[in-house]
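Q: I have a model open and some questions about what holds it together. Can we go through it?

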Amino acid sequence: MRNKEPSKTTVLRLFIFISLMLLLQSCQRHQLLPNALEDYSERMYKVLDIEETDIPTFATLEFPDKQTFAINIPKLNIKMREFYAIEDCAIKQLIAQRNTALGKIQLPSVRLNYEWILIDHLQKCIESNSTKSNEAQVEKMQDWLHQKKAIFPLVWANMVTQSNELYLGISASSGFIDGNENDNFTDGLFDLKNLVAVRDDPAANIAAMEASLQSIQKHRVYVRLWRSQMLLRNYLNQMTADISHWASSFTCETNKDREKLAIIRNVFTLFFIQNVQAIGAQINHYHYVLKPEFLKLINDKNLPNSYTLTIDKYNQSEFDEYQEAMLTHVKMWQGIFKKCD
């Protein structure tokens, strides 16, 4: 007897089940920080015997739509008749490709790569024609090369602001920093360095650009870093306020008080120092290593002011606020522990 093939309904149900499981698994990635904060607050509020505050474990970055960062690229002043009059150059095919319907809707990274190839070919064309008796053509090509080099930083800036991969990598994620190899920080550092370096040294860096963009969309370490800072700031500020209120009436005058504080110290060590603060130390490390590259973006005059201000807000201003929240929280505990010294 022949085995019956699975029905379409069964296959569909299996597909939906697998999809839901994969979605659930993806949603659980990079959640060590909110889990550590919840464990810390739950244990601490319980041992302090105070009502636990429901502190949100999400952090949403406010990024403008990437279209608001788009830059108008000046058009190159080339007369096509003069251009096609050039002999023995490989740039005619490039211009022809650019003028097709498909060529006119290039992705920002594809457009940047195209501009660099055109610049490279123009340079080689000028070199090959400089020994011939066509000074007028060489002068024209030098003018075109000058114009292309002038707008290249703007095309690069459009790649930075308009590439979906990089935009998602700095603005959209449900995850946080784990503080371990799962963060893919080494990849994140290389990718950012690569994209920034393309502006000044495309010959050495543009070949890796597409791979870096794909990598950024996958690991999203920058947005996870900024969300982690925000979450820690909000969470610790609330806990500091609640615990400070409790500490205002705690005097540590009896053995019972000292025994209770010993338990509190253990909870602080196990759940804050070893878990929360350990992830915070990695956040600090990531920030300082990435900072020089983000500063290159922030200080770049070709990028829109609204873009650089947004990057500066999350990369530096909110990092400072997170550090202040962490420092205030630790100083609060130092003051409490001194009551029993």
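Q: How many salt bridges are there?
A: The count comes to nine salt bridges, a salt bridge being a side-chain nitrogen of Lys or Arg within 4 Å of a carboxyl oxygen of Asp or Glu. This is a predicted model, in which local features need pLDDT of at least 70 and side-chain atom pairs count only at pLDDT 80 or more, while totals for chains, interfaces and linings use all residues. Residues are numbered from 1 along each chain as its sequence is written, and side-chain values use heavy atoms, with hydrogens and water left out.

Q: Which residues are linked in a network of salt bridges?
A: R111, E115 and K148 are linked in such a network. R111 meets E115 at 2.8 Å, N to O, and the closest N and O atoms of E115 and K148 are 2.8 Å apart.

Q: Are E115 and K148 buried or exposed?
A: E115 counts as buried because its relative accessibility is 1%. K148 is also buried, at 7%. Buried means under 20% relative accessible area, exposed over 50% and partly exposed in between, with a 1.4 Å probe and protein chains only. R111 is buried as well.

Q: Which parts of the chain does the R233 and E318 pair link?
A: The side chains of R233 and E318 meet in a salt bridge of 3.5 Å, N to O. R233 is in helix α11 and E318 in helix α13, 85 residues apart. Both R233 and E318 are buried.

Q: Back up a bit. How many helices and strands are in the chain?
A: There are 13 helices and zero strands. Of the 341 residues in the chain, 44% are buried.

Q: Now the aromatics. How many pairs does a search of the whole structure find?
A: It finds 16 aromatic pairs. Rings of Phe, Tyr and Trp (its six-membered ring) pair if their centres lie within 6.5 Å; planes under 30 degrees apart count as stacked, over 60 as edge-to-face and the rest as tilted. One of the pairs is F69 with Y307, which is edge-to-face at 5.1 Å centre to centre, with 85° between the planes.

Q: Which elements do F69 and Y307 lie in?
A: F69 is in the loop between α2 and α3, and Y307 is in helix α13 (residues 305–338), so the pair ties together parts that are 238 residues apart in sequence. Both F69 and Y307 are buried.

Q: What about W226 and Y314, stacked or edge-to-face?
A: W226 and Y314 are stacked, 6.0 Å centre to centre with 20° between the planes. W226 lies in helix α11 (residues 221–247) and Y314 in helix α13, so this pair ties together parts that are 88 residues apart in sequence. W226 is buried at 0% relative accessibility, and Y314 is buried at 1%.

Q: Which cluster do ring pairs link?
A: Ring pairs link F63, Y167, Y222, W226, F294 and Y314 into a cluster.

Q: I also clicked on F319. Where is it, and is it buried or exposed?
A: F319 is in helix α13. It is buried, with a relative accessible area of 1%. F319 and N284 are 35 residues apart in sequence and 8.7 Å apart in space, C-alpha to C-alpha.

Q: Which residues other than glycine have a positive phi?
A: H30 has a phi near 60°, and R220 has one of about 50°. H30 lies in the loop between α1 (8–27) and α2, and counts as buried at 9% relative accessibility. R220 is in the loop between α10 (209–219) and α11.

Q: Last one. Where is D54, and is it buried or exposed?
A: D54 is in the loop between α2 (32–48) and α3 (80–84). It is exposed, with a relative accessible area of 74%.

Technical notes:
Helix = DSSP H or I, 4+ residues; strand = E, 2+ residues; numbered from the N terminus.
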